[in-house]
Amino acid sequence: MHIAEGFLPPAHAIAWGVASAPFVVHGVRSLTREVKEHPESTLLLGASGAFTFVLSALKIPSVTGSCSHPTGTGLGAILFRPPIMTVLGTITLLFQALLLAHGGLTTLGANVFSMAIIGPWAGYAVYKLLKRYEVPLMVAVFFGAFVADLSTYCVTSVQLALAFPDPSSGFLGALGKFGGIFAVTQIPLAVSEGLLTVLVMRLLVQSSKGELTRLGVLLQSKGTRPGTRTEKSEATEDAGAPGKPAKSEASRTSETGAST
Amino acid sequence: MLPIDAAAHSSRWRRRHPVDKAVLGLGLTVLAISLPPWPGAALVLVAALVLLLGPAGVGARQLWRAYRVPLGFCVTGALTLLVQIGGPDGFVTLADGGPARAGGLLLRTSAASLGVLLLAFTTPMSDLLPRLVKAGVPAPVVDVALVTYRMSFLLLDSMSRIRQAQAARLGHTTRAAAWRSLAGLGATAFVRAFDRAGRLQAGLAGRGYDGTLRVLVPDVRVSRGFVAASATLLTGLVALTLVLERFLP
């Protein structure tokens, strides 16, 4: 859920913008470097942004019977890594503010902080941690997406509680209020998003093994050319697993660019 | 195409420079969150509404469809201000001054949302994005945003057609089928996005693509008159707020 336009007082809106700025600048520098080195990456990064935008527009059935939209930050972070996801998430949030009236421009900093920074980084950290302990890929994907979704809403609750402390119990009381409202809807939604992400990833492993290998989500099978489809893959380890040098953002995306 | 962007392309102010509309729309938004909700945000709300439905020529139905989205969030958020947790009278009780705070918040968010909608309903993204380079946004980021923008519509269109096909094959009849269909939709979006990017890249490479996406931007100038009128309106709203604050409760 996005914080709507004008919902935060000016000081809070500015503060969250300042807090988000270093992460966005870091992401922009990564993206700029990548595009300068490999101009063809522009199209793939644009495609990734469009995928993120469309993913966030899907309606997922909630356990409570209602429908809502996935944040898409977990899947995006696993596929494209958090720094790039920060930039793509910022672009997506800008489009949502201007094309769908979801979120806002004065609250862009706060929404970027929760959805394009904390969500992707938290989800990716859990995903990587589980992969480090050799947990099956789909379990890691589920918990990555679950945590990315839930952490996004936890941060949103904190942002709202800081802006509107309870008259009697202050920040903690307000956190209980906002967190309580979100918990009723968002825990089932986080489970739903985790399940959806697993289902999407399962289909991607079957249909787009080449792309996932190039993005570093899957390891390349021995004796298999990138892009070729295989029935079974032993390549379900993350490219950045311990003992193996993690590829840079640039090289991951450039491989994708060079091969499509 | 999404409804707001479609309306922006056929807007009366389509040929105005985005800076003209940004000064007015974003100026109203800044005033909405900076001035006291009563009467400041209320005045901004009225001014934005008059501008949207009057000179900008936005349809009332179109505006309501876009406006009800942020309004739903605002109402939900404002409801929490009506109660307080803890205190001598019980665990959850009505907050002192809660209705006033909730009302003020509703006024502020409503007015601020209308300010941004004024910009969104009159300025297509394709006019706005290329000009962000002049505002200091790195060109590669703008290029990525442009590709994202153009590809989003194609993907949304594909998703819509796939959803129809899934429904025609009874793909939404049971909960399990709905989940399968949804997962298929998400995966297809990924495959199509990357496939399209690959084909775009091949096509552009054949045309001597050097990494720069050149797009035609309508040659319009910033209107000093429009900007001055906007500044006058914004200043007038501030002055009126300060005057009314003394007389209104």
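This is a predicted model: local features need pLDDT of at least 70, side-chain atom pairs count only at pLDDT 80 or more; totals for chains, interfaces and linings use all residues.
Helices are DSSP runs of H or I with at least four residues, numbered from the N terminus. In chain A, the loop between helix H5 (108-132) and H6 holds A:Glu134. The phi of A:Glu134 is positive, about 55°, although A:Glu134 is not a glycine. The residue counts as exposed because its relative accessibility, 64%, is over the 50% cut-off.

Helix H6 of chain A spans residues 137-163 and includes A:Leu162. A:Leu162 has 39% relative accessibility and therefore counts as partly exposed. Together with A:Phe171 and A:Leu172, A:Leu162 forms a nonpolar patch on the surface. The accessible area of these three residues together is about 290 Å².

Helix H3 of chain A is mostly covered, with 8 of its 8 residues buried. The buried residues are A:Thr73, A:Gly74, A:Leu75, A:Gly76, A:Ala77, A:Ile78, A:Leu79 and A:Phe80. A positive phi of about 75° follows just after H3(A), at A:Arg81.

The interface between the two chains was examined next. In chain A, 77 residues are in contact with 72 residues of chain B. The buried area between chain A and chain B is about 6000 Å². Carbon and sulfur atoms give 80% of that area. Three leucines, A:Leu43, A:Leu98 and A:Leu99, supply 12% of the area that chain A buries against chain B.

Polar pairing across the interface was counted separately. Between chain A and chain B there are 0 salt bridges. Polar contacts join 3 residue pairs across the interface, both residues of each pair being at pLDDT 80 or more. Several elements of chain A each supply at least two residues of the side that touches chain B. They are helix H1 (10-37), helix H2 (41-57), strand S1 (60-61), helix H3 (73-80), helix H4 (82-100), helix H7 (170-207), helix H8 (209-215) and helix H9 (249-259). H2(A) gives the largest share of that side, 14 residues.

Chain B contains 9 helices and 2 strands. Along the sequence these elements follow the pattern α-α-α-α-β-β-α-α-α-α-α. Chain B has 249 residues, of which 48% count as buried. Among contacts in chain B with a separation of 6 or more, 73% are between residues 24 or more positions apart. The accessible surface of chain B is about 12300 Å². Carbon and sulfur atoms account for 63% of that surface.

Two backbone features stand out for description in chain B. The peptide bond joining B:Trp38 and B:Pro39 is cis, with omega about 5°. B:Pro39 lies in helix H3 of chain B, residues 37-53. B:Leu170, a residue other than glycine, has a positive phi near 60°. B:Leu170 is placed in the loop between helix H7 (139-168) and helix H8 (175-205) of chain B. With 57% relative accessibility, B:Leu170 counts as exposed.

Over all chains, the structure holds 4 salt bridges. One of them pairs B:Arg14 with B:Asp127, with the closest N and O atoms 2.6 Å apart. This pair links distant parts of the chain, the two residues being 113 residues apart. B:Arg14 is in the loop between helix H1 (3-9) and helix H2 (18-34) of chain B. B:Asp127 is in helix H6 of chain B, residues 125-128. Both B:Arg14 and B:Asp127 are buried.

Another salt bridge joins B:Arg161 to B:Asp157, again with a closest N to O distance of 2.6 Å. These residues are separated by about one helical turn because they are 4 residues apart in helix H7 of chain B. B:Arg161 counts as exposed, at 54% relative accessibility. B:Asp157 is partly exposed, at 37%.

B:Arg199 and B:Asp195 also form a salt bridge, their closest N and O atoms being 3.1 Å apart. Both residues lie in helix H8 of chain B, 4 residues apart, and so are separated by about one helical turn. B:Arg199 counts as exposed at 51% relative accessibility, whereas B:Asp195 counts as partly exposed at 41%. An α-helix has 3.6 residues a turn, so residues three or four places apart point the same way.

Note on methods:
Residues are numbered from 1 along each chain as its sequence is written. Chains are lettered from A and ligands numbered from 1 in the order in which they are written. Side-chain values use heavy atoms; hydrogens and water are left out. Patches are made of residues with over 30% relative accessible area and no salt bridge: like charges are joined within 9 Å, nonpolar side chains (Val, Leu, Ile, Met, Phe, Trp, Tyr) within 5 Å. Accessible areas come from the Shrake-Rupley method with a 1.4 Å probe; for residues, only the protein chains shown count as cover. A salt bridge is a side-chain nitrogen of Lys or Arg within 4 Å of a carboxyl oxygen of Asp or Glu. Buried means under 20% relative accessible area, exposed over 50%, partly exposed in between (1.4 Å probe, protein chains only). Contact means heavy atoms within 4.5 Å. Buried area is the accessible area (1.4 Å probe) that two parts lose on being put together, summed over both. A polar contact is a pair of N or O atoms within 3.5 Å; within protein, one must be able to donate a hydrogen and the other to accept it, and residues adjacent in sequence count only if both atoms are side-chain atoms.
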